[in-house]
Amino acid sequence: MSAEEVGRGTKTYRRTTYPAIDVTQPLLSTKGRSAVVTGAGQGIGASIARSLAQLAELAPHCKVFTYTVDITDEEAVNNGFAGFAADIGESHPIDILVANAGYMSDLGSLDKVDPKNWWSAFEINIKGNFHLIRAYLKYAPKSEDGRLGAVIHVSSSSMHGPYIPDFSGYRASKAGATKLFELFQNEHPELFVLQIHPGLVGGTDMHSKFAHTTGGFEFDDEQLSGDFVVWSLSPSARFLNGRFIHANWDVDELRAKKDEILKDPEMYTIGLIGW
């Protein structure tokens, strides 16, 4: 089953960026907002960071700060947030958290994988994100200030798709992380929380671990995920709060389904089939 067949939430399935999510649109501007993007050194994370910055030549006001942080280390995460808060000015909240950093353990069946490596996926994908959201809350905007805090979790369609051999560490840890952010959204309804599948992006360190399983697959342009995240942070996407969606889904078609989505609290969420 192709990625497109697993994740078709709209009739149109996008693989590259397109005008509706063009980050140069004034309506999608992130000017004046601050953001933390984890795992931004390459691949999807770097694309998200570039889209948020709207490219240096288009956003000369944008300042970029980089930090090396082990997200499984609570003290390191707290220090990283404190350092960023100091760099942007203590009086300015951190508007956006994009929890993109993740880890795929080595592939293999449960009886053959290395337990330490297998568990590393849970340490990073669940424990690491646990530290991130707790640290973010200390700096998130206050609703009385008229600013909306936003948290985007970069998840994966693999956690809700059909069985694929040898991916247990990644898929189980991503399932746990997705539930973690769902619980977080329910505990903090004052925040906008969205979980996304970024598409199938090749050429990354993570993809190198499963490249042998993707022969014949069509890959998505990594800019799609970056631009889609920027759109998801705009007022046009507020109706998707608490949902799980794919960057491949067409945003105009999603907007056309707004009333349907708002009427159904289970639409585009993870739950028990047939309940």
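# Reading helices, salt bridges and cores

Q: How many residues apart are K127 and E123 in helix 4, and what does that come to in helical turns?
A: K127 and E123 are four residues apart in helix 4, so about one helical turn separates them. Please keep in mind throughout that this is a predicted model.

Q: Which kind of link do the side chains of K127 and E123 form?
A: The general idea is that side chains of opposite charge can pair when their charged atoms come close. In this structure the side chains of K127 and E123 meet in a salt bridge, with 3.5 Å from N to O. K127 is partly exposed, with a relative accessible area of 34%, and E123 also counts as partly exposed, at 28% relative accessibility.

Q: Where is the kink in helix 4 centred?
A: The kink, of about 30°, is centred on E123, a residue that also takes part in the salt bridge with K127.

Q: How far apart are the end C-alpha atoms of helix 4, and what span should its residues give?
A: Helix 4 covers residues 115-137, and at 1.5 Å a residue its 23 residues should span 33 Å; the end C-alpha atoms are 33 Å apart, which agrees.

Q: Which elements do the buried residues of helix 4 pack against?
A: The buried residues, among them W118, F122, G128, L132 and Y136, pack against helix 3 (74-88), strand 2, strand 3 and helix 5 (168-187). Leaving aside its neighbours within four places in sequence, G128 is in contact with I71, T72 and E123.

Q: How many salt bridges does a search of the whole structure find?
A: The search finds nine salt bridges. One of them joins the side chains of E222 and R50, at 3.0 Å from N to O, and this pair links distant parts of the chain, since E222 is in helix 7 and R50 in helix 2, 172 residues apart. E222 is partly exposed, with a relative accessible area of 24%, and R50 is likewise partly exposed, with 41%.

Q: Which helix holds both K179 and E182?
A: Both lie in helix 5, three residues apart, about one turn of the helix, and their side chains meet in a salt bridge of 2.8 Å, N to O. K179 counts as partly exposed at 43% relative accessibility, and E182 does so at 24%. Salt bridges can also join into a network, as they do in linking R15, E218 and D220.

Q: How many residues does the largest nonpolar core have, and which of them have the most contacts inside it?
A: The general idea is that, in soluble globular proteins, nonpolar side chains tend to be buried together. Here the largest nonpolar core has 35 residues, and those with the most contacts inside it are V98, L240 and I245. At least two residues of this core come from each of helix 2 (43-53), strand 2 (96-99), strand 3 (150-154), strand 4 (192-197), helix 7 (222-232) and helix 8 (251-256), while the largest share, five residues, is supplied by helix 7. A second, separate core has 20 residues, including F81, F84, L132 and F184.

Q: Which residues is V98 in contact with, leaving aside its neighbours within four places in sequence?
A: V98 is in contact with V36, V37, T38, I48, L52, I152, V154 and V229.

Notes:
Residues numbered from 1 in each chain as written. Predicted model: local features only at pLDDT ≥ 70, side-chain atom pairs only at ≥ 80, totals over all residues. Heavy atoms only, no water. Core = buried A, V, L, I, M, F, W, Y, C linked by side-chain atoms within 4.5 Å. Buried < 20%, exposed > 50% of the residue type's maximum accessible area, 1.4 Å probe, protein only. Contact = heavy atoms within 4.5 Å. Expected span 1.5 Å × (residues − 1). Bend = angle between axes of the 7 residues up to and from the residue. Salt bridge = Lys/Arg side-chain N within 4 Å of Asp/Glu carboxyl O.
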